[in-house]
Amino acid sequence: MKILHICSEMYPLIKTGGLADVMGALPYAQQEMGNDVRVLLPYYPQVREKLGETVEVATLGTFAGVVTLRFAQFNGLGVYVIDAPHLFDRRLPYYDDNYQDYMDNYKRFALLGYLGAQIAEGLDHWWGRVEVLHAHDWQGGLACAYLKSWHSPVKSVFTIHNIAYTGRFQAYHLPELGLPWEFFHPNGLEFYGEMSYLKAGLYFADRITTVSPTYAQEITEEIAGAGMHGLLQIRQAEGRLKGILNGVDEAVWNPETDGNIIAPYRANYMHGKAKNKAELQRQFGLPEDKDALLFVMVTRLTEQKGADFLLANIDQMMQYNVQLVVLGSGAPELEQALRDSAARYPHKIGVKIGYDEALSHQIIAGGDVILVPSRFEPCGLTQLYGLKYGTLPLVRQTGGLADTVNDSHKESIENRTATGFVFRYPDPQDFLEAVMRSINLWKKNKLWSSVRQNALAQDFGWGKVAQQYQSLYQEIV
Ligand code: ADP
Ligand code: GLC
């Protein structure tokens, strides 16, 4: 099958979050199944640096100015990029250094959707028309609208990686983008008097997917639906909404082969993990104490991720023989609060504010427990990496976290299904209760090792995930 993915991130070319990890793995898994797969993304400076040599496919005058479409092979996968320095030659993809969204985002990502739809329709004669256009998140959403407005036979799939970002813009831009006014309608891309690129994807795509079964259910409810729950209920009733859990890219996240960690390890050689722990403690200036329970967290610092549940409990937690290492960036007040905690407990807490891919691997390999106390979580990848690295996830029971981590209690420990710690309510008290349970289990060496072995035995390969997308495509093609 001929498939074009449209997205704004792809590891290792450009990454701000989990979407990039998914796009760095899913297309490859689909290709391995015998599909003809390509990806379209903006030519950000980071992409330009890593992509290597490109060939020009076409230069076009568009509503967003003159732009050049280029093509390259990247690690064996065909990648199209939109070369438009006036739109994409900026340090950060979505906002400036002060977290202010770029004023022309409406145009930048309309262009992404427009060119995606054009390629799907056969703009690149060498490749021809595709069977499935697969757009991701609001940045790709308009592609589905363009295809519909051209009455294209190409089928489209839209994947929600995070419904909280709806891509809303002033409606008066619509004519400029070459879309018909009729689309500005509740049965279309209209959303509370504005246009929403996410809604364009939801409304016009032939199928909607999201990245876990639980989140697929949650977003049909008002509390998690970001205003889209009505439409999603309809799509669910039509059988056009499906949750497909993400996988883990074993070429990148595997403690046996990970080049970012000092000692490789595996289920029957956990000595390596202990070395990574000692190294992490050393790196953050913490005592090299193997008996201290080392909590870690690697995260964007936004309201979604629940770092405030941790911050509210720092003093209680630090009464025990525990340590904490956090790598994150985002909201300035959360960054500051974390720095303050580290200053108050210099021998127990290490904090690095920033974005650091290599360090994220070292932290996940060195930790004992990885904290993912999200208020909501479409899928979540760091808990999966935690499982793969024998770093037990402590998560809230929501979205993909609920689908991937099994709480440790007497019964689940006995029948060997326990893989981490789960708390139910988004409040600091419930979080602390789970932390206390992890501290108690830590004291029982044997039980801890057994839960850790269960975690290490989990399989989140992309092959079976790609198979599910394949079945979905087959329903519509
Ligand atoms: P989200 O996409 O909502 O941020 P995910 O758990 O799906 O959440 O994916 C986050 C990805 O980004 C993971 O690969 C994680 O390791 C990475 N990540 C998040 N924050 C940082 C950081 N500060 N430095 C390095 N990697 C990070
Ligand atoms: C989003 C979600 C995250 C998910 C990722 C990849 O960023 O917040 O939960 O894992 O997309 O699908």
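In this predicted model, Phe191 has Glu194 of strand E10 as its bridge partner. Strand E10 covers residues 194–196 and pairs with E9 in the antiparallel sense, over two bridges. The sheet to which these strands belong is open, with three strands in the order E8-E10-E9 and antiparallel pairing. Because strand E8 (168–169) and strand E9 (190–191) each have a single partner strand, they stand at the edges, and one side of each is left without a neighbour in the sheet. In general, the strands of a sheet pair through backbone hydrogen bonds, in either a parallel or an antiparallel sense.

**Ligand sites**

Ligand 1 is surrounded by 20 residues, the closest being Lys15, Gly18, Asp21, Arg300 and Lys305. This shell divides into five nonpolar, nine polar and six charged residues. At least two shell residues come from each of helix H1 (18–23), strand E13 (293–301), strand E14 (322–330) and helix H16 (382–388). E13 makes the largest contribution, with three residues.

Around ligand 2 there are 13 residues, of which His161, Asn246, Glu377, Cys379 and Gly380 come nearest. Six of the shell residues are nonpolar, six are polar and one is charged.

| Residue | Protein atom | Ligand atom | Distance |
|---|---|---|---|
| Gly18 | polar backbone atom | oxygen atom of ligand 1 | 2.6 Å |
| Lys305 | side-chain N or O atom | oxygen atom of ligand 1 | 2.8 Å |
| Asp356 | backbone N or O atom | nitrogen atom of ligand 1 | 3.0 Å |
| Gly380 | backbone N or O atom | oxygen atom of ligand 2 | 2.8 Å |
| Gln304 | polar side-chain atom | oxygen atom of ligand 2 | 3.3 Å |
| Asn162 | polar side-chain atom | oxygen atom of ligand 2 | 3.4 Å |

Taken alone, ligand 2 exposes 310 Å², of which the protein buries 93%. For ligand 1 the area exposed when taken alone is 560 Å², and the protein buries 93% of that.

**The second largest pocket**

Where empty space is left can be shown by rolling a probe the size of a water molecule over the atoms. The second largest pocket holds about 540 Å³ of space. Its lining consists of 24 residues, and Lys277, Lys290, Asp291, Asp368 and Trp442 lie nearest the centre of the pocket. Helix H11 (271–283), helix H19 (428–442) and helix H20 (445–456) are the elements that give two or more residues to this lining. The largest share, five residues, comes from H11. By residue class, the lining has nine nonpolar, six polar and nine charged members.

Definitions and conventions:
Residues are numbered from 1 along each chain as its sequence is written. Chains are lettered from A and ligands numbered from 1 in the order in which they are written. This is a predicted model: local features need pLDDT of at least 70, side-chain atom pairs count only at pLDDT 80 or more; totals for chains, interfaces and linings use all residues. Side-chain values use heavy atoms; hydrogens and water are left out. A residue is near a molecule or strand if one of its heavy atoms lies within 4 Å of it. A polar contact is a pair of N or O atoms within 3.5 Å; within protein, one must be able to donate a hydrogen and the other to accept it, and residues adjacent in sequence count only if both atoms are side-chain atoms. Accessible areas come from the Shrake-Rupley method with a 1.4 Å probe; for residues, only the protein chains shown count as cover. Ala, Val, Leu, Ile, Met, Phe, Trp, Tyr, Cys and Pro count as nonpolar, Asp, Glu, Lys and Arg as charged, and the others, Gly among them, as polar. On a 1 Å grid over the protein atoms alone, a cavity is a set of points where a 1.4 Å probe fits but cannot get out, and a pocket is an open set with protein on both sides within 12 Å along at least five of seven lines; lining residues have an atom within 4 Å of a point. Grid points are joined across faces, edges and corners, and a volume is the space filled by probe spheres set on the points. Helices (H or I, at least four residues) and strands (E, at least two) are DSSP runs, numbered from the N terminus. Two strands pair if DSSP finds at least two bridges between them.
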